[in-house]
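Me: I have not seen this structure before. Please show it, and then I will ask what the terms used for it rest on.

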There are 2 protein chains.
Amino acid sequence: MKVGVLLFDQFELLDVFGPLEMLGHVEDISIELVAQSIGPIASAQGPCAYAQAQLDSGTQYDTLLIPGGMGTRQLVDDQRTLNWITQQADKARYITSVCTGSALLAKSGVLDNKRATTNKMAFHWVMSQGPNTHWVTKARWVKDSNVYTSSGVSAGTDMALAFISDIWGEHKAREIADLAEYEWNSDATQDRFAQKYGLA
Amino acid sequence: MKVGVLLFDQFELLDVFGPLEMLGHVEDISIELVAQSIGPIASAQGPCAYAQAQLDSGTQYDTLLIPGGMGTRQLVDDQRTLNWITQQADKARYITSVCTGSALLAKSGVLDNKRATTNKMAFHWVMSQGPNTHWVTKARWVKDSNVYTSSGVSAGTDMALAFISDIWGEHKAREIADLAEYEWNSDATQDRFAQKYGLA
């Protein structure tokens with residue numbers, strides 16, 4: 001399975017590297033970081049990741065991972081990125097997003113008539129990008145057919161383990177979580193942050 | 001506070017980016033990724049981070065973060081890296097490591113006569129790198145004077161929040177954890193993985 005991860009200026013570090021820590025321990029998976037151009041891309045926290053592929057390389061990914069971060073505020077108006085997401089999503093087996101990454105999926109039309117969730121503190125802004133989406137306010141993550149969307153930042157790590165569980169089995173997901181000494185929040189309906197931020 | 005993060009081939013992704021997600025939300029902190037040379041450095045999971053500084057730049061960091069990963073197995077024999085750690089640690093205010101990063105601290109002499117912990121599955125190998133260290137088998141992380149060492153991978157994120165709590169207050173640490181919708185394991189003595197891996 002070839003996983004394509006969208007990078008952009010001001011992406012949120014853990015949105016990308018929490019899921020990739022877990023996915024990277026699946027033997028069948030190869031990961032590519034993709035951006036508008038090859039080279040270092042600065043996160044919202046400062047440190048750079050290195051994009052090894054660019055959007056128009058023609059590579060079709062089996063699984064998409066769209067992270068969030070402050071950079072999504074500009075990117076929802078970037079037609080080149082939205083077109084890439086729409087085209088990739090059309091043929092990808094699985095589509096995933098973390099945090100405000102779901103704003104990009106929504107704006108690309110990928111979440112039309114689907115159930116989805118997002119970061120709690122940015123919920124109203126993200127909703128405004130997807131008027132035809134059934135937004136779920138209380139959920140650690142939401143799966144609708146082949147689309148997984150998670151709540152804020154670290155919820156993406158829990159969603160990635162659920163994704164692994166769905167495809168390679170719960171035993172594999174727990175093995176990887178234990179390897180990383182990670183306390184997996186494995187129940188998607190447990191979400192105390194919805195209440196904390198006034199959404200439930 | 002200037003945080004210097006050591007990167008090397010086959011570093012573990014979450015060892016670096018879990019702590020940096022949290023530290024990056026502290027207003028006073030700037031982060032530099034440091035390696036033997038400037039440029040992309042491949043993680044154990046494949047994706048590259050971009051080192052913006054090299055070991056011999058002369059920069060003294062206030063806080064060191066030494067991650068783990070399979071790359072530490074070679075790096076414990078790399079005198080240039082060990083010298084850099086020894087020199088930095090001598091003047092740094094705080095020294096931190098995640099997972100098998102403590103093997104590098106131990107081999108550099110930084111953990112002599114100190115209490116420390118590390119990854120549960122690599123415990124015996126790491127112990128062999130630090131015969132003068134008081135290794136603690138059951139701990140999510142250990143603080144001894146200005147040195148913080150954590151257990152495997154995701155324990156580093158919990159340690160980073162404890163570090164923030166010690167310096168900027170628990171309120172700040174909880175605010176950042178909540179922002180990331182992260183369920184902070186805030187009790188360093190709670191460590192079910194020690195038992196799972198036969199160490200307690």
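This is a predicted model: local features need pLDDT of at least 70, side-chain atom pairs count only at pLDDT 80 or more; totals for chains, interfaces and linings use all residues.

Me: Why is the pair Arg192(A) and Glu183(B) called a salt bridge?

Reply: The closest N and O atoms of Arg192(A) and Glu183(B) are 3.0 Å apart. The rule asks for a side-chain nitrogen of Lys or Arg within 4 Å of a carboxyl oxygen of Asp or Glu, so the pair Arg192(A) and Glu183(B) is a salt bridge. Across the interface of chain B and chain A, the rule finds eight salt bridges.

Me: Which elements give two or more residues to the side of chain B that touches chain A?

Reply: They are α1 (13-23), β2 (30-35), β4 (48-51), α7 (170-179) and α8 (192-196) of chain B. With seven residues, α1(B) provides the largest share of that side. By residue kind, the side of chain B that touches chain A holds 20 nonpolar, nine polar and 10 charged residues.

Me: What makes β4 of chain A and β4(B) a strand pair?

Reply: Three bridges join β4 (residues 48-51) of chain A to β4(B). Pairing needs at least two bridges, so these strands pair. They run antiparallel, and Ala49(A) has Ala49(B) as its bridge partner.

Me: How many residues are in contact, and how much area do the chains bury?

Reply: In chain B, 39 residues are in contact with 38 residues of chain A. The two chains bury about 3300 Å² between them, 58% of it on carbon and sulfur atoms. The rule also finds 26 residue pairs in polar contact across the interface of chain B and chain A, both residues at pLDDT 80 or more.

How values were computed. Residues are numbered from 1 along each chain as its sequence is written. Chains are lettered from A and ligands numbered from 1 in the order in which they are written. Side-chain values use heavy atoms; hydrogens and water are left out. Contact means heavy atoms within 4.5 Å. Buried area is the accessible area (1.4 Å probe) that two parts lose on being put together, summed over both. A polar contact is a pair of N or O atoms within 3.5 Å; within protein, one must be able to donate a hydrogen and the other to accept it, and residues adjacent in sequence count only if both atoms are side-chain atoms. Helices (H or I, at least four residues) and strands (E, at least two) are DSSP runs, numbered from the N terminus. Ala, Val, Leu, Ile, Met, Phe, Trp, Tyr, Cys and Pro count as nonpolar, Asp, Glu, Lys and Arg as charged, and the others, Gly among them, as polar.
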